[in-house]
Amino acid sequence: MGLFEVVLKLLGMGAFGAVGGLAVAYGVLVILTAPSRTGGMDSTNAAVTWIAVGGVLVALMVLHIVLGKQLLLLSRGLDKKHPL
């Protein structure tokens, strides 16, 4: 296994790690914008925020999963003719 394959494997694993980081970021957003009795956002604005940001984060997660799988395939020496 050469240096190129090792770097590809690390990049692929990092892409999957980014998916976890995006999920944690979404959880923090939900916690911070949750309606409370003492103030903050109302439930309608909180729901709109969760849906809007959630849609973008889901798209980013799917992209990272697809690219991570492709990088891991490349690191194993598969699909070198058409990498993407």
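Which residues does Thr33 touch, not counting residues up to four places away in sequence? The structure is a predicted model, in which local features need pLDDT of at least 70, side-chain atom pairs count only at pLDDT 80 or more, and totals for chains, interfaces and linings use all residues. Residues are numbered from 1 along each chain as its sequence is written, and side-chain values use heavy atoms, with hydrogens and water left out.

With that in place, the partners of Thr33 are Met41, Ala46 and Trp50, where contact means heavy atoms within 4.5 Å. The side chain of Thr33 also makes a polar contact with the side chain of Trp50, at 2.7 Å (a pair of N or O atoms within 3.5 Å; within protein, one must be able to donate a hydrogen and the other to accept it, and residues adjacent in sequence count only if both atoms are side-chain atoms). Thr33 has a relative accessible area of 12%, so Thr33 is buried (under 20% relative accessible area, with exposed over 50% and partly exposed in between; 1.4 Å probe, protein chains only).

Thr33 belongs to helix H1 (helices are DSSP runs of H or I, at least four residues, numbered from the N terminus). Others buried in H1 include Glu5, Leu8, Gly12, Ala15, Val19 and Leu22. An α-helix has 3.6 residues a turn, so residues three or four places apart point the same way. The buried residues of H1 pack against helix H2, residues 43-75.

Helix H2 also holds Leu60. With a relative accessible area of 34%, Leu60 is partly exposed.

Methods:
Helix = DSSP H or I, 4+ residues; strand = E, 2+ residues; numbered from the N terminus.
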